[in-house]
Amino acid sequence: MSDKTTTNPLLRMAGIPAFDAIKPEHVGPAVDTVLADAEKELTRLETLTAASSAKVLTWEDLLAPLDEMDYRIEWVWNTVGHLLAVKNSPELRAAYETSQPKIVGVGLKISQSLPIFRALKAIKNDAVQWAKLTEAQQRIITKKIQYTELAGVGLEGAAKDRFNAIEQELSKLSTTFSNNILDDTKAFAMVLTTKEDVRGLPDHALQLASQAFNQAKKSEDPASTPTTGPWKFSLDAPSYIPFLEFSERRDLREKMYRAYISRASQGTTDNTAHMHRIIALRAEKSRLLGFKNFASLSLSTKMAPGIEAVYKLLSELKDPSLKAGNKEMEALTSFARDKGCKDQLTDWDVPYWAERMKEDLFDFKEEDLIPFFPMPVVLDGLFALCRKIFGFTVKAADGQAPVWDQSVRYFTIHDDAGKEIAAFFLDPYSRPENKRGGAWMNVCLDRRETKSGLVHPIAYLICNGTPPVGNKPSLMSFDQVRTLFHEFGHGLQHMMTNVRFREAAGINNVEWDAVELPSQFMENWVFHGPTLQSLTSHVDSKAKLPQHYVDKLIAARTYRAGWASLRQLQFGFIDLELHDRFDPQGKETAFDVYQRVASTTGVLPPRAENKFLCSFSHIFAGGYAAGYFSYKWAEVLSADAFSAFEEAGLDNESALRETGHRFRDTVLALGGGKHPMEVFKAFRGREPSTKALLRHSGLI
Ligand code: ZN
């Protein structure tokens, strides 16, 4: 190594990155070095597989060096990606953009190497070698083979050419599909000019609409103000949703709704043909890879054991949801009638009246609760809960690790005996100038065994809370508290893992319909009255959150749960049908499928003109194809897991501890080293049941 690279902190490739020393100019040289090393190593391994064609390679020969190679690339690239999200700068972005294609290129070379693929299959097919491996090791190899096969690496000749052509076309189609939605969404505008037109709309909606008008106006037009208009409304969610929920003008709500359900369904931005072509190509690709259809291909990488199991789960949820949804509709109708509404409620009325009824039932503003949730109190409550149920202790360890911003905190986690087993960074506050919005958990270091010992897992927990003002601590909204618990749940699975192999430790290698189990599980605790109160202490009076607020927060969770559940079920069913039974060359169109499914999964009959499928980007331009059900699947798992704690008794300390330890030793500890169905059964003693979710949502 040259002097230039030895002083490059991104090339240390071990331990916590030196965030205080890493500069954008380190990125390029570090990436080039680590990728050059990886290519050399890949060549060595490919040569090794050729030279040893007569003998099956061992884990130490092949998998350990492959893992070391991946680890080094990830250490560098994850660190850069992390800094891009929390300490963005034009220089860093430029460095990232220059290096990214190189990372992708080498990554593909490694994951699609034919000699490595064959060597992995040889290990799997050799009974003696295979038996020597642990379950986690076997799963790592099996998944590597599977993903390589799904990338078409095992295909030859004409089949391979056709596969590659399909992939190319699909990638173009999905870009066109989402561009059409964007363009068509942008093309629609409803400009309102009189106070009468904007009756009922709250200030924040008017501000946004006024701003939107000013951004789009011609120079000769007069400027808008939030109080005098003109106001421009669009089909973007932040504009569309408040309009449907608050506008008192039924005719304008109808206009907006009709525009929304016909996005990208006509003219130059029509997605109809693209959608049918995508479905046909996916089916063809699946057959080339040996699957019956695309749904089977998608399910081959998921926790759900098969299509029938998914239909069964969705169907079990359907009837109770439909029943509840119909009841909710009755209640809403009579509420609207009491308030003087004479119309038969339809699609563009439901959001409006549901919002009025919500205000009536839960008459508090979220702002009123914020002073009860100082961040230090919330954190103490969360850590105390973890000690109570999981038996580990969280200690503040600020100063023991370098940070990327002075407000970032560092915590260590200790087992019963006081031994440090994991750690995490908490980046709590929003910094719009250089930090991405939202909240997330990311990996800093994976748990792994090295020659010099075991490396502890370390997580990044990122929130976007309000920074402290004056001498008052940061105050959180209830939603932010819930989000913190969600992300901490992901963090727990990362940090509590006991898997020794990095690629199956924590959340690595976990099937994606199972990955939201620990996170959604943790959210349940903020709806447990005593736990919720333990997270509160009014910033001035130090009072706990009053019981009537606790009751309302808990009740609001199930408000219109039937309606919400039906929406997800409908999308899940449609997605599955289109990728399972539907034949794009057959008599039915995708719209017919929509009509058929929606007529049995909705409270209101579907409108004949509904072209929502043309903007269903989750499945036509995102990663949810034949996977939309995962939302419900994961909810069933997390609710059922939480119900084990309810059965033990949420106020029974010793029973809670026992259940908590079992959860820690199974769901949190086994990571991707065991099939998630086996992990779930090890915790729950049986397969998942939909009962708990139905009960938590107030549907039974
Ligand atoms: Zn999540």
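This note goes through the packing, salt bridges and backbone features of a predicted model.

1. Main core. The largest nonpolar core holds 137 residues. Those with the most contacts inside it are Phe373, Phe390, Phe424, Trp525, Leu578 and Leu613. Helix α14, residues 307-338, supplies the largest share of this core, with 12 residues.

2. Second core. There is also a separate core of 66 residues. Among its members are Phe19, Leu45, Leu63 and Val408.

3. Leu578. Which residues does Leu578 contact once its neighbours within four places in sequence are left aside? They are Ile279, Ala590, Val593, Leu613, Ile619 and Phe620. Both Leu578 and its partner Leu613 are listed with the most contacts inside the largest core.

4. Helices α14 and α22. Helix α22 covers residues 561-580 and packs against α14 at an angle of about 145°. The two axes are 8 Å apart, and the crossing of α14 past α22 is left-handed. The residues of this contact comprise 14 nonpolar, six polar and four charged.

5. Salt bridges in general. The whole structure contains 54 salt bridges. Some of them link up into a network made of Glu196, Asp197, Arg199, Glu248, Arg249 and Asp251.

6. Arg249 and Asp251. Within the network, Arg249 forms a salt bridge with Asp251, and the closest N and O atoms are 2.8 Å apart. The two ends fall into separate accessibility classes: Arg249 counts as buried because its relative accessibility is 15%, under the 20% limit, while Asp251, at 42%, counts as partly exposed.

7. Arg250 and Asp343. The next residue along, Arg250, forms a salt bridge with Asp343, with the closest N and O atoms 3.5 Å apart. Arg250 lies in helix α11 (residues 250-261) and Asp343 in the loop between α14 and α15 (350-361), so this pair ties together parts that are 93 residues apart in sequence. Arg250 is partly exposed, with a relative accessible area of 28%. Asp343 is partly exposed too, with a relative accessible area of 33%.

8. Asp427 and Arg431. Are the two partners of this pair buried or exposed? Asp427 and Arg431 are both buried. They form a salt bridge whose closest N and O atoms are 3.0 Å apart.

9. Phe243. This residue lies in helix α10, residues 237-246, and counts as buried because its relative accessibility is 0%. Phe243 and Phe233 are 10 residues apart in sequence, and their C-alpha atoms are 8.0 Å apart in space. Phe233 is also one of the contacts of Phe243.

10. Leu379. Helix α17 (residues 375-390) contains Leu379, which counts as buried at 8% relative accessibility. Its C-alpha atom is separated by 9.3 Å from that of Val481, a residue 102 residues apart from Leu379 along the chain. Not counting residues up to four places away in sequence, Leu379 touches Leu426 and Leu484.

11. Cis peptide bond. Most residues other than glycine have a negative phi, and most peptide bonds are trans. Where does the model have a cis bond? The peptide bond from Gly229 to Pro230 is cis, with omega near -5°. Pro230 is found in the loop between α9 (203-216) and β2 (231-233), and Phe233 of point 9 is the residue 10 places from Phe243.

12. Ala264. The phi of Ala264 is near 55°, a positive value in a residue other than glycine. Ala264 is found in the loop between α11 and α12 (272-288). At 0% relative accessibility, this alanine counts as buried.

13. Ala626. A positive phi, near 50°, is also found at Ala626. Ala626 sits in the loop between α24 (617-620) and α25 (630-648). Ala626 counts as buried, with a relative accessibility of 0%.

How values were computed:
Residues numbered from 1 in each chain as written. Predicted model: local features only at pLDDT ≥ 70, side-chain atom pairs only at ≥ 80, totals over all residues. Heavy atoms only, no water. Core = buried A, V, L, I, M, F, W, Y, C linked by side-chain atoms within 4.5 Å. Buried < 20%, exposed > 50% of the residue type's maximum accessible area, 1.4 Å probe, protein only. Helix = DSSP H or I, 4+ residues; strand = E, 2+ residues; numbered from the N terminus. Contact = heavy atoms within 4.5 Å. Axes fitted to C-alpha atoms, helices over the stretch in contact; angles between N-to-C directions. Left-handed = near helix turned anticlockwise from the far one by under 90°. Nonpolar A, V, L, I, M, F, W, Y, C, P; charged D, E, K, R; others polar. Salt bridge = Lys/Arg side-chain N within 4 Å of Asp/Glu carboxyl O.
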